[in-house]
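This report describes one protein chain from its coordinates.

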Amino acid sequence: MNHPPPQTTAITTRTTVKKLRENPTPSFKIPFQSRKIRKLTTTATVVDNDPTKSPHPPLIKIPKSLSTKPEIDAALNHLRLADPLLAALISTHAPPKLSPCISPFLSLTKSIIFQQLAFKAANSIHTRFVSLCGTHSDVVPNRVLSLTPQKLRETGVSARKASYLHDLSDKFSTGFLSDTLILTADDETLFRMLTSVKGIGPWSVHMFMIFSLHRPDVLPVGDLGVRKGVQCLYELKDLPKPVQMEQICEKWRPYRSVGSWYMWRLMEAKTTKGNNGNA
C-alpha cells in the first residue's frame, strides 16, 4: 500500500485547518444570548457601612405600647366608635394609667412569686426575695441562679416556685430569653416563648403583656374578671367561654387590652356598689 510522503500530509492538514477557520460550517456555530456578566468581589469580608444595606435580616419592629398618652387616646377613640356599650363605660371611668416596667426579668420573677397568693402575703415574700438578691437592680438571672432552693425557701417562696425562678433564670442565662427579645417579639412569638418557662401559663403571660409591656391588643380570655365584665356588659345569660370571648371582643381590635381594662373597672364598680348597698 502506497502512503503519501510526510511532507505532503502536513501541507494538506494545514490547508484544511486554514479553510475551516476562514469558512466554518453551520454545525460549529453555537448561538449565545447576549448577557451581562456580574463582576464578583474578590473578598468575602467587605464591610458596607451603609445602614440601608445590612447583610442581616431587619429587626422586628418594636410593638406599639400603651405607655404614651397619644396611644391611649387613640385606643379610647377607637373603642368609643367600635362599641357603643363600651363607650358608655369609658365615659364613667378615668383612662388607663400603667406603671413603667423597670426590667422584664424582674417583672417575671414578681409574677411567679405573686401567683395564687393574696396581695399582702405575696408582696411581703417578694420584698424579702429582692432583699436577698440585694436591690431591685440586683435581681438578675445569674444572681437568682446562685441562690439555692433552701435560700429561696427562707424568703417564703415555695419549693415549686423556687424551681420556676431557676428555670426562668436559666432560660435567660442561656440566651433563650432576654429583655431585648421580650421587648421586640410580636405577641404570638412572645406568648410561645414565655409559656415554655415552668410555672408561667397563659394567664400570667397575658397579665405580663398588659401591665408590664403595655401591649395594646391582648385579650385574657381565661381571666374571670374580664369574662364576668363581658357577661355583665352584654347581659349574657352564661359566663362566656374563651371562643365566645374572642368573637364578642373582636370589635375591640387592635386595643383589646384597653377593653379588658374596662371590664375590670366595671366589675370593681359593681363590687363596690354591692358592698355599699349591704352596709
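The sections below cover the basis of the model, the fold, a helix pair, and selected residues.

## Basis

The structure is a predicted model, in which local features need pLDDT of at least 70 and side-chain atom pairs count only at pLDDT 80 or more, while totals for chains, interfaces and linings use all residues. Residues are numbered from 1 along each chain as its sequence is written, and side-chain values use heavy atoms, with hydrogens and water left out.

## Overall make-up

The protein has 14 helices and zero strands; helices are DSSP runs of H or I with at least four residues, strands are E runs of at least two, and both are numbered from the N terminus. Buried residues account for 35% of the 279 residues, where buried means under 20% relative accessible area, exposed over 50%, and partly exposed in between, with a 1.4 Å probe and protein chains only.

Of the contacts between residues at least 6 apart in sequence, 62% join residues at least 24 apart. Contact here means heavy atoms within 4.5 Å.

## Helices H4 and H8

The axes of H4 (residues 104-114) and H8 (residues 159-173) come within 10 Å and cross at roughly 160 degrees. Axes are lines fitted to C-alpha atoms, for helices over the stretch in contact, and angles run from 0 to 180 degrees between N-to-C directions. H4 and H8 are therefore roughly antiparallel, a class for angles over 145 degrees, with under 35 being roughly parallel, 65 to 115 roughly perpendicular and the rest oblique.

On the H4 side, the contact is formed by Phe105, Leu108, Thr109, Ile112, Ile113 and Phe114, which meet Lys161, Tyr164, Leu165, Leu168, Ser169 and Phe172 of H8. These residues divide into nine nonpolar, two polar and one charged; Ala, Val, Leu, Ile, Met, Phe, Trp, Tyr, Cys and Pro count as nonpolar, Asp, Glu, Lys and Arg as charged, and the others, Gly among them, as polar.

## Valine 140

Valine 140 sits in the loop between helix H5 (119-133) and helix H6 (141-145). With a relative accessible area of 36%, valine 140 is partly exposed. Valine 140 and serine 169 are 29 residues apart in sequence and 7.7 Å apart in space, C-alpha to C-alpha.

## Cysteines and arginine 256

The disulfide count is zero, taking a disulfide as a pair of cysteine sulfur atoms within 2.5 Å. Cysteine 133 is buried at 7% relative accessibility, and cysteine 232 is partly exposed at 28%.

Arginine 256 belongs to helix H14 (residues 256-278) and is buried, at 7% relative accessibility. Leaving aside residues up to four places away in sequence, arginine 256 touches Pro216, Asp217, Val218, Leu219, Glu246 and Cys249.
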